[in-house]
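Subject: Structure for you to look at

Hello,

Please find the structure we talked about below. My notes on what was found in it come after.

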Amino acid sequence: APDPLITKVQPWAQGFGDGVDETPYGLPIEYESDVVRRNVEWLTADTISSINFTPIHALDGTITPQGCAFERHHSGAIDLRKEDYRLMINGMVDTPLVFSYADLERFPRENQVYFCECAANTGMEWAGAQLNGVQFTHGMIHNMEYSGVPLRTLLQEAGLDTAGDLTNKWVFVEGADASSNGRSIPMEKALDDVLVAFKANGEALRKEHGYPVRLVVPGWEGNMWVKWVRRIEVMDGPVESREETSKYTDTLENGISRKWTWAMDAKSVVTSPSPQAPITHGKGPLVITGLAWSGRGAITRVDVSRDGGMSWQAARLAKPGEQKALTRFYLDTDWDGSEMLLQSRAMDDTGYVQPTKSQLREVRGLNSIYHNNCIQTWLVRSDGEAENVEVS
Amino acid sequence: EKFGLGRAALPEEIAAWDRDIRPNGTGLPEGSGDAIVGEEIFATRCAACHGDFAEGIDNWPELAGGADTLDHDDPLKTVGSYWPYLSSGYDYIKRSMPYGNAGTLSDDEVYALLAYILYSNDLIEDDFVLSKETFFDVEMPNAEGFIIDDRTETEYTQWTGEPCMENCKDEVRVTMRAMVLDVTPEEETTPKPAQEETVGAGAASFDAELAAKGEKVFKKCKACHQIGEAAKNRTGPILTAVVGNPAGAVDGFKYSQPLKERAENGLVWTEEELVAFLAKPKAYMKGTKMSFAGLSKQDDLAAIVEYLKSFGV
C-alpha cells in the first residue's frame with residue numbers, strides 16, 4: 001500500500017516550523033533525548049566525586065559533542081568566571097608570573113584534536129564481563145578539538161634558565177576546585193604537546209570540563225588533564241601526590257604496583273552493534289562500526305572478528321588515523337542472521353597490537369583497575385540483541 | 001621570544017597557593033599533633049565518611065587496615081597498606097579535605113589527623129607527636145612497593161608485530177556473561193514526584209513540580225545531609241521533617257554552639273527562616289558548622305524548601 005507519509009500532505013509540509021531564535025543556543029531534538037551521559041550509581045559514594053559515561057553507542061564520526069562528553073569531578077564542577085580566573089607559574093622559573101584569562105588569549109595558539117580517556121575506562125571489566133553496554137564499558141572517553149596555548153610558550157614566558165638542565169625537571173599542575181587535583185608531569189612532556197586550553201569544538205569549555213581553562217595532556221590518562229588549572233610549578237622532582245600514588249597506579253599479581261603509567265595504550269571497541277545498539281533490521285547489509293585510539297601515536301589499522309578472534313578482517317578507517325585522537329572504523333558487511341562474537345583489534349604506528357584480556361591478565365594479574373585496553377567481545381544473537389561476554 | 005604578558009607573582013600570592021608537600025618533606029610547615037588529639041578531630045570532621053576507626057563508610061575510602069593484602073585477591077589499599085609516602089597524606093589532607101570544606105584545617109590539626117590515621121594503621125603509638133622533625137621517623141610499609149612503568153619491556157615487545165588473521169584459535173567458548181552479574185544501570189523512568197503520602201499539614205500549599213526542582217538543588221547538600229526514612233546523620237544532621245519544626249532537634253547530632261543557643265531561644269525552621277539561613281548561612285548564623293556558601297538564586301531557595309517539605313512538615 002502507498003505510504004501515507006508520502007501520499008498525504010503532512011503538517012510539517014503545510015505549516016510553519018520554528019522561527020529563528022526559537023532556541024538561541026540549541027539542544028538536540030527531543031527524539032534524541034536518550035543520547036545522554038549516564039552514571040553507574042554503585043561505583044562511587046557520591047555524584048560530586050564521581051564519573052559518568054559518554055553515549056558512544058549512539059554517536060558517529062570522531063568528535064564528541066561537549067554536552068554528552070563524560071565528566072569526572074573530585075569535588076564537583078565549579079563555577080569560575082573568566083574574570084576571576086588566574087594562572088600562576090612558579091617554582092624554578094626566572095620570573096614567577098600570574099596570567100589572567102585575557103592574557104592567555106594574547107599568546108599564539110593552536111588547534112588540535114585529542115582524545116581524553118580516564119585511566120579507569122574499562123576498569124570494571126578486569127575481573128570479568130560486568131556492564132552490559134559500551135557506554136559503561138568504554139564511555140570514559142571523549143575527543144575534541146582544543147584551542148589553546150602550548151604550555152611550552154607559558155613556561156618560556158616565565159623563563160626556564162633558572163631550572164638549568166631540563167631533562168630531570170618536572171612541572172606540578174593543580175586545579176582551582178576544592179579537590180585541588182595535583183599531578184606531576186615530566187618536563188619533556190610539558191614542553192612537547194601539552195596545551196593550556198580554553199575552547200573545545202570551537203566554543204568555550206563547558207563548566208563540567210573545566211571552564212574557563214583546562215590542561216590538555218595528549219595521549220596521557222585523563223586525571224592529568226587538570227581542570228580549572230590554576231598553578232603550574234617547575235620542580236626538580238615529582239610531588240607524588242595522592243592522585244599519582246594511591247590512585248592511578250596498577251597493582252600487579254605479586255603486590256608490586258606500577259606507577260607513572262601515563263600513556264594510554266592502543267585500544268578499540270565496536271560501538272554498534274553493541275548491547276545498547278542492537279541490530280533491528282534483520283539480515284542483509286550491516287554496518288559494523290567503532291572507535292580506535294592510541295596515546296602513543298596514530299591508529300594505522302583496525303581488524304574486526306565476527307567469530308570471537310578465530311579469524312579477522314581489516315576494517316575501513318573513515319580517515320587516516322591522527323596522533324592521539326579517535327579514529328572511526330567501519331566494516332561494511334552482509335549479515336546472514338547467525339550469531340556473532342564481535343571483536344575489534346587496533347594497531348598503532350609503533351607496531352603495537354591491542355592485547356586480549358587474557359594477555360593483559362597474564363602480565364598484570366587480576367587486581368589492576370586502571371589502564372585496561374583489552375579486546376572487547378559482544379555476543380550478537382540471531383535476533384540482533386547483543387551482550388557483553390568474555391570468550392576463551 | 002617573550003611576549004611581555006602576565007605580571008610578576010607576588011610572594012604572598014605564591015605562599016597562598018604553593019602548598020604542595022614533597023616526599024623529601026619540602027613544604028612541611030611548623031606544627032605538631034598526636035593521635036589522641038587527632039581522634040577527636042577525626043570524629044567530628046572525617047568520621048561521617050571514613051568511619052570512627054578510619055574503616056570507611058559505604059563507598060567512601062577506607063584509610064586503615066589491609067596490611068599484607070596487596071598480593072591477595074581484592075587487595076585493601078589504605079594509607080597504611082598502600083601509600084608509599086607520608087608526604088602525600090599531609091599534602092592531600094591539607095589541600096583537599098575535609099570533603100566539602102577543603103582547606104579549613106590548621107597545620108596542627110593536619111598533623112594530628114595524620115597521626116590518628118597512622119595510629120589506626122598500627123604504625124605509631126598514640127603518644128607519638130608528629131611534626132616536621134619526626135615526619136621521617138615513620139616508616140611507610142609499602143614505600144618499596146612501586147616500580148616505574150615497565151610496559152616497554154614487559155608488554156610492548158610481546159604485543160608488537162603482524163597479528164594473526166586466520167585460524168588463530170581452534171575453538172571459542174563464551175566463558176562469562178555480563179547478564180549473569182546484572183549490575184548495569186536500568187534506564188530511569190520519569191523522575192518520581194515528591195512523596196505525596198508524607199506531606200502533612202502544609203499540603204495545601206505544596207507544589208510538587210517545584211519540589212522536583214528542589215531535588216536537583218539538594219544535590220549540593222547531599223555530601224553532608226541525608227533525608228528520608230533511612231536517613232542518618234553525617235557531617236550534617238538528617239533533614240527529614242525539618243520544615244516547621246524546632247531547630248537543633250535531631251537526636252545524636254552535635255550542633256554548633258550558636259545553633260544550640262538559637263534553638264534554646266525558640267528558633268523554628270519555618271520556610272522564611274530556612275530561606276534566610278540557606279541564602280547566606282554564615283551571615284545568618286555566625287559560627288555555624290555548616291560550611292555551605294549559600295544559594296544565591298531565589299528560585300533555588302524556594303525549590304529547596306519545597307523539596308524539604310516533601311519529607312514532612
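This is a predicted model: local features need pLDDT of at least 70, side-chain atom pairs count only at pLDDT 80 or more; totals for chains, interfaces and linings use all residues.

Residues are numbered from 1 along each chain as its sequence is written, chains are lettered from A and ligands numbered from 1 in the order in which they are written, and side-chain values use heavy atoms, with hydrogens and water left out.

Contact between the chains

Chain A brings 103 residues to the contact and chain B brings 79 residues, where contact means heavy atoms within 4.5 Å. Together the two chains bury about 7,600 Å², with 54% of it on carbon and sulfur atoms; buried area is the accessible area (1.4 Å probe) that two parts lose on being put together, summed over both. On the side of chain A, R242(A), M310(A) and S392(A) supply 9% of the area buried against chain B, more than any other three residues.

Grid points are joined across faces, edges and corners, and a volume is the space filled by probe spheres set on the points.

There are four cavities of 30 Å³ or more, and the largest cavity holds about 230 Å³. It is lined by 22 residues, of which R72(A), R214(A), G222(A), W225(A) and K227(A) are the closest to its centre.

The second largest pocket has about 540 Å³. Its lining has 29 residues, and W312(A), T356(A), Q359(A), I375(A) and K169(B) are the closest to the centre. Helix α8(A) gives the most to this lining, with four residues; helices (H or I, at least four residues) and strands (E, at least two) are DSSP runs, numbered from the N terminus.

A helix pair in chain B

Helices α8 (residues 208-217) and α12 (residues 298-309) of chain B pack with their axes 7 Å apart, at an angle of about 100°. Axes are lines fitted to C-alpha atoms, for helices over the stretch in contact, and angles run from 0 to 180 degrees between N-to-C directions. The pair α8(B) and α12(B) is therefore roughly perpendicular (65 to 115 degrees).

Backbone spots

Most residues other than glycine have a negative phi, and most peptide bonds are trans. The bond between Y211(A) and P212(A) is cis, with omega about 5°, and P212(A) sits in the loop between β11 and β12 of chain A. Another cis bond runs from M97(B) to P98(B), with omega near -10°; P98(B) is in the loop between α4 and α5 of chain B. E240(A), a residue other than glycine, has a positive phi near 55°.

Regards

Definitions and conventions:
On a 1 Å grid over the protein atoms alone, a cavity is a set of points where a 1.4 Å probe fits but cannot get out, and a pocket is an open set with protein on both sides within 12 Å along at least five of seven lines; lining residues have an atom within 4 Å of a point. Angles under 35 degrees count as roughly parallel, over 145 as roughly antiparallel, 65 to 115 as roughly perpendicular and the rest as oblique.
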